[in-house]
Amino acid sequence: MPEMQTLIGQVTRLIFSGKADSFRIFEVQIKGANKREIVTGEWQRARVGANIEAAGTWEKRKGKDEIQFKARSILEIVPTSADSILSWLEGGAVKGIGKVSAKKLVACFGAGLLEILDQHPERIVEAGIGKKQREKIIEGWKIASATRIIMQFLREVGIGPERSNAVWRQFKDHPAIAGQPAVLVARLRNNPYRLIRVRGIGFSLADQAAGKLGIRADADYRVDAGIEHTLQTRTEDGHVWTPEPTLLGLCKELLGVSQEKIVARIQVMQEAQQIATELGAPNRFASVRLSRMEISLAAKIRSLSGPAPKKTMRFPAGFVPDPTQIEALNQISDRKLAILAGGPGMGKTTLLKTCAQSAVASGMRVALCAPTGRAAKRMNEATGMEAKTIHRLLEMKRGGLAERNRDNPIEADWIIVDEVSMLDMELAWKLFDAIPARARVLLVGDPDQLPSVGPGQVLADLIACGKVTVARLSKIFRQQAGSGIPVMATQVIQGVVPNLDPDSSDCPFVDAECIGEESEEATAVVVRRIVQESEKLGSRMQALAPMRNGPLGTLKLNQALREAFNPDAGQPHRGRFRLGDWVIQTRNNYDLDVYNGDLGTVVAIEEGDEQAVVVDFEDRVVRYEDNEDLRDLDHAYCLTIHKSQGGQFPGVAMVATTAHFVMLKRNLLYTGMTRAEKHLLLISTKRALQIACKKSGIEKRDTLLAQRIGG
Ligand SMILES: Nc1ncnc2c1ncn2[C@@H]1O[C@H](COP(=O)(O)OP(=O)(O)OP(=O)(O)O)[C@@H](O)[C@H]1O
């Protein structure tokens, strides 16, 4: 990779401004040299006259001999005259100060404004700034000042300065930092591996920084950081535990130090209780947090695994249950904890509703919940009763702390949870921790769906442990529109290539071989077909694909579908987002109360003092003011199948071709197909389906939950 360089100068000309994004090309008069250079980069509020400091690399211009500067970050240098301070602030340099307040502040304090902000921020009221906004400006100024200090440090150690805001957010509330950026920089200088916790930095960049600071390859805290990072990477693959040989092998490869050194450090970390150990053949290691959760979850499940007084359940009036459904309800009726398992259209929702309504009729307090907002909404529609996301039921607050826990349990006698295949170790632990000892629990789910995104395989482990009653449904009943979908999906999960009919009314097949599945034109052809099909259906189809890359990967399709469904018609925009965009949250954000997988529509782009992208997530409206928060928002026109878990849509267009070879597995296709309620457009090839149907996709995750419950 070319070395990061710094360029300082004044913008003399704007050459190109991306309409729908913040990409800009402009000319800069280089400071102290009689020459001008072309700079490219992301800079929403680029303007002539701004003094900038850009960090990036030199690259050759396309088709020319000249070079230009590709900036990874552009920072306006803090100006000194009143006029330049005004345009600097008007450009949005400090969060909380927009055009109106910038004018008021500069009119009142002139060139002395920045000193006032630094030394006597309380005085800004003299400029006619209200109390609420004053707080925002003071906070914005603190962040801007801190970010500058951190940026200098990151540059020095070769990390893109664009991460400075994330670094500050990660550490600012740490008691040892107490809001002082200089203290943070000193600590990072001492141990740059603290940076591995910052999103977007990770081990390799922190390691590079350490190299620049002269830290030795066999320094203890480098090896410790490598061990911690390796365990973390394994949890990202879904495992809770890592066997010793795997841990040693991965650490050796990552760190390039001797095995003895790694073994010695593992021992030290273990004694200091920085990592958890499970002795056996082989020994296993995990993060202390996950290991504690597993132990506590297993104990709670064991305590709930006994019998309960038999409950009489009544099916809804007019419903004629199948004997298998009667049997399933029977199994559930006298258990404290039970699982209702079944595939699509087998009557899970009908039985869940029967349980919930019978319980309410007998005076029980019922709490319905699901891991995602969409699944909770479906529960609510099916039962006519209130259903919440698990996060909301647990009243989660900043940092993911739940108000509901063993000391303040959920106030309900029967807790019914849907879509439990999505429960990971952490969420399951938090949920069960808050379940009162006398309550009943019904877990409803489809064990053939992909496992949770987070670590653990809670549903599979609860089924495997042998201590929890599992009522299984096996017959498909759905008869209305979309009834072919459960049949097709069930064939796929059983390894049978389904009948592919281009003229099917609810599951039409598009042969991707005919459109040149790997050609660049494939994207356009597929998009046209999805648009046509959406028009027929009367609502936008949700596109799904196994992978991000390639002509039929989510990246290309997402952009192309966005242009088709929400083209640039001059509507307001900020950064990557336009008014009307269909978007997905890609990480839990407890501060904004929005969670990984939540889908919504951009309903406003607010300008002025309080800039924000406003998203309607159906059950609530969220304002994104901070760019760092906006990083977790993405367009959602085409999702990976993994991301679509727990969501259902009237129409789904699923792409799966041989270009997605490595991902083609039964449970992946099955999960994608079962996201469709009424209409499934399958864009695939016979060969791709044959490949997928050969591989079950079930990969055992390394967990000890089943053993712990069973033992
Ligand atoms: N015994 C039955 N007789 C007739 N229809 C039934 C019977 N059981 C369920 N159904 C119907 O089958 C359809 C699917 O049932 P339900 O929605 O309960 O299944 P599900 O397992 O929750 O499906 P999915 O997971 O796909 O949402 C519904 O329309 C339901 O009314």
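This is a predicted model: local features need pLDDT of at least 70, side-chain atom pairs count only at pLDDT 80 or more; totals for chains, interfaces and linings use all residues.
Let me begin with Asp 593, which is found in the loop between strand 19 (582-585) and strand 20 (599-606), where helices (H or I, at least four residues) and strands (E, at least two) are DSSP runs numbered from the N terminus. Phi of Asp 593 is near 60 degrees, a positive value in a residue that is not glycine, and Asp 593 counts as partly exposed because its relative accessible area is 26%; buried means under 20% relative accessible area, exposed over 50%, and partly exposed in between, with a 1.4 Å probe and protein chains only.

Residues are numbered from 1 along each chain as its sequence is written, and side-chain values use heavy atoms, with hydrogens and water left out.

A positive phi also occurs at Ala 178, at about 45 degrees, although Ala 178 is not a glycine. Ala 178 sits in the loop between helix 5 (164-171) and helix 6 (181-190), and it counts as exposed because its relative accessible area is 55%.

Is Arg 404 buried or exposed? At 15% relative accessibility Arg 404 counts as buried, whereas Glu 395, at 32%, counts as partly exposed. The side chains of Arg 404 and Glu 395 are joined by a polar contact of 3.0 Å, a polar contact being a pair of N or O atoms within 3.5 Å where, within protein, one must be able to donate a hydrogen and the other to accept it, and where residues adjacent in sequence count only if both atoms are side-chain atoms. Glu 395 and Asp 413 are 18 residues apart in sequence and 18 Å apart in space, C-alpha to C-alpha.

Finally, the ligand. Which residues come nearest to the ligand? Of the 16 residues around the ligand, these are Gln 325, Gly 345, Thr 349, Thr 350 and Arg 478, a residue being near a molecule or strand if one of its heavy atoms lies within 4 Å of it. By class, that shell has six nonpolar, seven polar and three charged residues, where Ala, Val, Leu, Ile, Met, Phe, Trp, Tyr, Cys and Pro count as nonpolar, Asp, Glu, Lys and Arg as charged, and the others, Gly among them, as polar. Helix 13 (residues 348-361) gives the largest share of the shell, three residues.

As for atom pairs, a backbone N or O atom of Gly 343 lies 3.5 Å from a ligand oxygen atom, a polar backbone atom of Gly 345 is 2.9 Å from an oxygen atom of the ligand, and a polar side-chain atom of Thr 349 lies 2.3 Å from an oxygen atom of the ligand. Taken alone the ligand exposes 630 Å², of which the protein buries 74%, with accessible areas from the Shrake-Rupley method with a 1.4 Å probe and, for residues, only the protein chains shown as cover.
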